[in-house]
Amino acid sequence: MSKLTYVDLFAGCGGLSLGLEKAGFTLELAVEKSAMAAETFFHNFIEPIASQADWNKFSAPTTSVEEQAEKRLVVKTLSEVLECKPLLEKLRAKDIDLVAGGPPCQGFSLAGRRNPEDIRNKLPWEFLAFVEAVLPKAVIIENVSGMSQNFNKHGQESPFDHLR
């Protein structure tokens, strides 16, 4: 039986990847824009970091999406990955089993300001654009319960209803 493959978007330090790996999945690609979180991910899921200089070179803004993807971790925004059509085509050809991730939730959280114009609220749609480009067999998208609540004071429907 072939191994089940996955992509982890908004990977953070790798909590979701840890569970997927324990369930038998194999990482094809992770995307995390925070260099600090990505450093932990790289060390735990890719290879031990030999030196801080090596890590700084790998995670530098000047290192291309494709160069980073060769190591299976892109330390950039998802929008930058979406602009890299050759990478998306490669992933689509690999017949990925699962795309998983939890777009940042601060703009949807009932504990926050719930501003429908929060730039982070666009990230679930970027997640879906990635899914559309790669066409995995399955998708896991995780977020907070506030995503299912209307933005009442702004007269807007719930982001989940809009996303669906």
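**View 1. Phenylalanine 58, a buried ring.** The relative accessibility of phenylalanine 58 is 13%, so the residue counts as buried. Buried means under 20% relative accessible area, exposed means over 50%, and partly exposed lies in between, with a 1.4 Å probe and protein chains only. The model is predicted: local features need pLDDT of at least 70, side-chain atom pairs count only at pLDDT 80 or more, and totals for chains, interfaces and linings use all residues. Residues are numbered from 1 along each chain as its sequence is written, and side-chain values use heavy atoms, with hydrogens and water left out.

**View 2. The whole protein chain.** The chain has eight helices and five strands. Helices (H or I, at least four residues) and strands (E, at least two) are DSSP runs, numbered from the N terminus. Starting at the N terminus, the order of elements is β-α-β-α-α-α-β-α-α-β-α-β-α. The chain has 164 residues, and 43% of them count as buried. Take the contacts with a separation of 6 or more: residues 24 or more positions apart account for 60% of them. Contact means heavy atoms within 4.5 Å.

**View 3. Helix α2 packs against helix α3.** Two packed helices are described by the angle between their axes and the distance between the axes. Here α2 spans residues 35–46 and α3 spans residues 52–59. Their angle is about 115 degrees, and their axes are 11 Å apart. Axes are lines fitted to C-alpha atoms, for helices over the stretch in contact; angles run from 0 to 180 degrees between N-to-C directions. The crossing of α2 past α3 is right-handed. A crossing is right-handed if the near helix is turned clockwise from the far one by less than a right angle, and left-handed if anticlockwise. Which residues of α2 and α3 make the contact? From α2 come Ala35, Ala38, Glu39 and Phe42; from α3 come Gln52, Trp55 and Phe58. Sorted by class, five of the contact residues are nonpolar, one is polar and one is charged. Nonpolar covers Ala, Val, Leu, Ile, Met, Phe, Trp, Tyr, Cys and Pro; charged covers Asp, Glu, Lys and Arg; the others, Gly among them, are polar.

**View 4. An aromatic cluster of Phe42, Trp55 and Phe58.** The structure holds five aromatic pairs. Phenylalanine 42 and tryptophan 55 form a tilted one, at 5.4 Å centre to centre and 55 degrees between the planes. Rings of Phe, Tyr and Trp (its six-membered ring) pair if their centres lie within 6.5 Å; planes under 30 degrees apart count as stacked, over 60 as edge-to-face and the rest as tilted. Phenylalanine 42 sits in α2 and tryptophan 55 in α3, so this pair ties together parts 13 residues apart in sequence. Both partners are buried: phenylalanine 42 has a relative accessible area of 6%, and tryptophan 55 has 3%. Phenylalanine 42 also pairs with phenylalanine 58, with ring centres 5.2 Å apart and planes at 45 degrees, so this pair is tilted. Phenylalanine 58 lies in α3 and phenylalanine 42 in α2, so the second pair ties together parts 16 residues apart in sequence.

**View 5. Alanine 37 in helix α2.** Alanine 37 is buried, at 13% relative accessible area. Beyond residues up to four places away in sequence, alanine 37 touches Gly12, Cys13 and Glu32. Valine 75 is 38 residues from alanine 37 along the chain, yet their C-alpha atoms are 9.3 Å apart.

**View 6. Serine 59 in helix α3.** Is serine 59 buried or exposed? Its relative accessibility is 13%, so serine 59 counts as buried. Neighbours within four places in sequence aside, serine 59 contacts Gln68 and Val75.

**View 7. Serine 17 in helix α1.** Helix α1 covers residues 15–22. Serine 17 is buried, with 0% relative accessibility. Leaving out residues up to four places away in sequence, serine 17 touches Tyr6, Asp8, Phe41 and Phe45.

View 8. Helix α7 runs over residues 123–134. Its twelve residues, at 1.5 Å each, should span 16 Å, and the end C-alpha atoms are 17 Å apart, which agrees. The expected span is 1.5 Å times one less than the number of residues. Buried residues of α7 include Leu123, Phe127, Phe130 and Val134. Just after α7, leucine 135 has a positive phi of about 55 degrees, although leucine 135 is not a glycine. Leucine 135 belongs to the loop between α7 and β5 (138–141). At 45% relative accessibility, leucine 135 is partly exposed.

**View 9. Aspartate 95 in a loop.** The loop joins α6 (85–93) and β4 (98–101). Aspartate 95 is not a glycine, yet its phi is positive, at about 55 degrees. Its relative accessibility is 43%, so aspartate 95 counts as partly exposed.
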